[in-house]
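Please read the following note with the sequence and the model open beside you. The points are numbered so that you can check them one at a time.

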Amino acid sequence: MDPHHHLWPDSPTNFSAVPGDRNANATPYSVQDLRADTGSGHNVVATVFVECSTNYYTEGPQHLRPVGETDWVASQSVSDGLLSGIVGYANLMEEPSELAEALDAHTEAGNGTFKGVRHTVAWDANPGVFASIRRPPSGLLLDSTFRRGASELARRGLVYETWTYFHQLPELCDFARSHPNLVVVLNHLGGPAATGPYAQRRDEVLEEWRVGVKALSHVPNVVMKLGGIGMPAFTPVEFIESTPMTSTGIADYWGLQIRYCIETLGPERCMFESNFPVDRRLCDYVTLWNAFKLIAAPYSIAERESLFAGTARRSYGIGR
């Protein structure tokens with residue numbers, strides 16, 4: 001199962017999601033492209049789309065415009081159930097009535113596939129570190145209004161999904177403890193940054209990152225996605241652009257860190273993600289999943305089942 005991919009339409013006019021901004025990661029990626037990748041050699045039988053700021057409604061109340069993305073993705077679904085889940089965007093800082101209306105609309109548009117909300121909180125004091133289209137303020141996870149919005153997700157049985165930078169992991173721990181009934185899905189290994197002031201400081205970053213991951217191990221409602229490694233935010237450009245890129249090379253570079261997550265959190269709280277098409281900058285789909293299989297090789301069959309399918313299915317409530 002691939003629990004994290006995006007879809008972007010061919011028309012670049014549809015890439016804008018935030019007024020006056022544009023998603024620099026946006027590259028056309030259709031359901032047909034997804035099907036070609038998932039059918040290119042690995043047995044991928046289900047996927048989860050994660051919001052990427054596209055195809056918002058252009059009219060109507062602002063808080064309902066992101067529902068356009070869920071509506072569009074649901075319309076792309078295929079009959080065999082490959083696209084099994086949708087994680088959309090809703091602003092958790094909205095007034096309660098507007099947030100409730102947006103979640104109702106997402107649920108209706110998803111027609112059974114809407115699983116939760118991603119509201120990213122990745123923040124750093126250095127503006128050059130940002131890799132997300134949104135520019136959240138610092139301390140959002142500690143904000144009482146934001147936490148009230150997250151409580152509405154928990155009440156509905158929806159997932160809260162996000163990504164942070166490594167130095168925000170203590171805030172995520174505090175946030176998750178305050179919502180023990182909320183499944184918190186942390187993207188991209190918890191954000192071991194590799195740009196701005198963190199470039200050429202990988203050992204220092206990873207040392208602090210490991211402390212944060214260890215703290216997460218004591219917060220059982222947090223699960224982690226193992227991926228995002230094709231993003232220059234986390235993997236130095238000089239490695240991404242080295243050729244030819246092989247699954248062995250990827251496993252050698254990221255294996256220790258990914259296995260640290262698995263061994264610290266447990267396989268039942270970790271899931272591999274493709275983050276395609278963004279991570280396509282690193283390698284093709286087959287090579288990426290081969291790298292994951294090499295990294296996971298030391299684990300038992302039951303543990304690998306969790307890493308490649310079980311954790312994702314449990315987290316998003318997707319049947320076998």
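At what angle do α9 and helix α10 pack, and how far apart are their axes?

1. α9 (residues 285-296) and helix α10 (residues 301-316) pack at an angle of about 150°, and their axes lie 11 Å apart. Axes here are lines fitted to C-alpha atoms, for helices over the stretch in contact, and angles run from 0 to 180 degrees between N-to-C directions; helices and strands are DSSP runs (H or I, at least four residues, for helices; E, at least two, for strands), numbered from the N terminus. The two helices are therefore roughly antiparallel, given that angles under 35 degrees count as roughly parallel, over 145 as roughly antiparallel, 65 to 115 as roughly perpendicular and the rest as oblique.

2. This is a predicted model, in which local features need pLDDT of at least 70 and side-chain atom pairs count only at pLDDT 80 or more, while totals for chains, interfaces and linings use all residues. Residues are numbered from 1 along each chain as its sequence is written, and side-chain values use heavy atoms, with hydrogens and water left out.

3. Where α9 meets α10, W289, F292, K293 and A296 of α9 are in contact (heavy atoms within 4.5 Å) with R304, L307 and F308 of α10. By class, this contact has five nonpolar, no polar and two charged residues, where Ala, Val, Leu, Ile, Met, Phe, Trp, Tyr, Cys and Pro count as nonpolar, Asp, Glu, Lys and Arg as charged, and the others, Gly among them, as polar.

4. Helix α3 (residues 96-110) and helix α4 (residues 144-156) pack at an angle of about 40°, with 11 Å between their axes, which makes α3 oblique to α4. On the α3 side the contact is made by P96, L99, A100, L103 and D104, and on the α4 side by R148, G149, E152, L153 and R156; these residues divide into five nonpolar, one polar and four charged.

5. N275 sits in the loop between β8 (270-272) and α9, and it is buried at a relative accessible area of 1% (buried means under 20%, exposed over 50%, partly exposed in between, with a 1.4 Å probe and protein chains only). Leaving aside neighbours within four places in sequence, N275 is in contact with H4, H6, H188, G228 and M231.

6. M231, in the loop between β7 (222-226) and α7 (237-240), also counts as buried, at 6% relative accessibility. M231 and V278 are 47 residues apart in sequence, yet 6.9 Å apart in space, C-alpha to C-alpha.
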